[in-house]
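Please keep the sequence and the model open while reading.

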Amino acid sequence: MSLSRYAFSVKPQEALLILITMFWGGTFLAVQYAVTMSGPFFFVGLRFATAALAVGMLSVNILRGLTWLEVKAGVVIGVAIALGYSLQTWGLQSISSSKSAFITAMYVPLVPLLQWLCLGRLPGLMSCVGIALAFTGLLFLAGPEGNLLALGEGEIITLASALAIAAEIILISAWAGKVDVRRVTVVQLLTASLVSFAAMVPAGEAIPPLTTGLLLVALGLGIFSAIIQVVMNWAQRSVSPTRATVIYTGEPVWAGIFGRIAGERLPLLALLGGALIVLGVLVSELKLKKSKTSSAAAAAAAATEAEQES
């Protein structure tokens, strides 16, 4: 009974994360359309410049109280955002939006791995099982032309973006509750924009024609990115990184649905791989639920025994 209550209870913060995840899944198609008109780095820079402007206009008064901690947090998170979104957008030039979304979901099992490497927190048994399932799913999903032991260029680039997004999730949680949400969001969005524009130089990417279609997509995704970052920074004050990443797992599922509506058709083996990635994430979360339930049950049993002895 207590496990069911834990598994199906949803906080308001979690409900908002679920909602933005649904819309987030639909952005893959929009980005794939945008990269037909622009290089990846310019588009990501323009997208986050719009987002920074949108949040900044709503935060003019509070920006005066900007602290050094908020600058540091915003810059570090912003670099991770720029890497994650730029690499993801770059990968979308050569793979479908559905495949990109499922590979991007690899950031979920990468979170406990990064926590182990950076914070010394060893992943538990179920986390390891989940990681193994997710990486098996990646091979099924991403192997080009049925070759399960090889990844194409687009797949490798997108996997690198997943690593950056995993770092972003951990960094947001590390500073959540210590900074003002709107101030740090402006800094991180502005940083993401500047880093992406700067990456155009070594990449040899030119400024594309600023067509109406490109500007509209950048404006729409920019505003949505602003909403995403504000909600993530606010919600992850009270939602654990593991819980948050499990919620974000809905993103590739929605992306797959939207991609199918748009005419994308992943082969059966790739669909199996996507399912294994999602299953791997859910299995990773099972340990958290069981351990919390078991701890609560053990504590209750100990209290009851103490009362009987007294």
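Leucine 282 has its place in helix H13, residues 268–309; helices (H or I, at least four residues) and strands (E, at least two) are DSSP runs, numbered from the N terminus. With a relative accessible area of 43%, leucine 282 is partly exposed, because buried means under 20% relative accessible area, exposed over 50%, and partly exposed in between (1.4 Å probe, protein chains only).

The model is predicted: local features need pLDDT of at least 70 and side-chain atom pairs count only at pLDDT 80 or more, while totals for chains, interfaces and linings use all residues. Residues are numbered from 1 along each chain as its sequence is written, and side-chain values use heavy atoms, with hydrogens and water left out.

The protein has 13 helices and 0 strands, and the order from the N terminus is α-α-α-α-α-α-α-α-α-α-α-α-α. Of its 310 residues, 49% are buried. Contact here means heavy atoms within 4.5 Å. Among contacts between residues at least 6 apart in sequence, 91% join residues at least 24 apart.

Helix H2 covers residues 12–34, and its 23 residues should span 33 Å at 1.5 Å a residue; the end C-alpha atoms are 33 Å apart, which agrees. The expected span is 1.5 Å times one less than the number of residues. H2 also has a kink of about 25°, centred on glycine 26, where the bend at a residue is the angle between axes fitted to the seven residues ending there and the seven starting there. Which residues of H2 are buried? They are Gln13, Glu14, Leu17, Ile20, Thr21, Trp24, Gly25, Thr27, Phe28, Val31, Gln32 and Ala34. An α-helix has 3.6 residues a turn, so residues three or four places apart point the same way.

The nonpolar cores come next. A nonpolar core is a set of buried Ala, Val, Leu, Ile, Met, Phe, Trp, Tyr and Cys residues joined through side-chain atoms within 4.5 Å. The largest has 49 residues, and those with the most contacts inside it are Leu17, Trp24, Phe48, Tyr107, Leu189, Met232 and Tyr248. Helix H8, residues 153–175, gives the most to this core, with 7 residues. A second, separate core has 16 residues, among them Ala34, Phe42, Phe43 and Leu221.

Leucine 17 touches Val231, Met232, Ala235, Val239, Ala244, Ile247 and Tyr248, when residues up to four places away in sequence are not counted. Isoleucine 228 lies in helix H10, residues 212–235, and counts as buried at 0% relative accessibility. Leaving aside neighbours within four places in sequence, isoleucine 228 is in contact with Ile20 and Trp24.

Serine 193 is found in helix H9, residues 181–203. Serine 193 is buried, with a relative accessible area of 2%, and beyond its neighbours within four places in sequence it is in contact with Gly45, Phe48 and Ala49. Glycine 204 lies in the loop between H9 and H10 and is exposed, with a relative accessible area of 64%. Between the C-alpha atoms of glycine 204 and glycine 39, 165 residues apart along the chain, the separation is 9.9 Å.

In H8, 23 residues should span 33 Å at 1.5 Å a residue, and the end C-alpha atoms are 34 Å apart, which agrees. Glycine 177, whose phi is positive, near 90°, follows H8. Alanine 174 is in H8 and counts as partly exposed at 39% relative accessibility. The C-alpha atoms of alanine 174 and arginine 237 are 9.3 Å apart.

What lines the largest cavity? Ile77, Ile172, Trp175, Ala176, Gly177, Val179, Val181, Val184, Asn233 and Arg237 do, and H8 and H9 each supply at least two residues of the lining. A cavity is a set of points, on a 1 Å grid over the protein atoms alone, where a 1.4 Å probe fits but cannot get out; lining residues have an atom within 4 Å of a point. The count comes to 1 cavity of 30 Å³ or more, and the largest cavity holds about 60 Å³ of space. Grid points are joined across faces, edges and corners, and a volume is the space filled by probe spheres set on the points.

How values were computed
1 Å grid on protein atoms, 1.4 Å probe; cavity = no way out; pocket = protein on both sides within 12 Å on 5 of 7 lines; lining within 4 Å.
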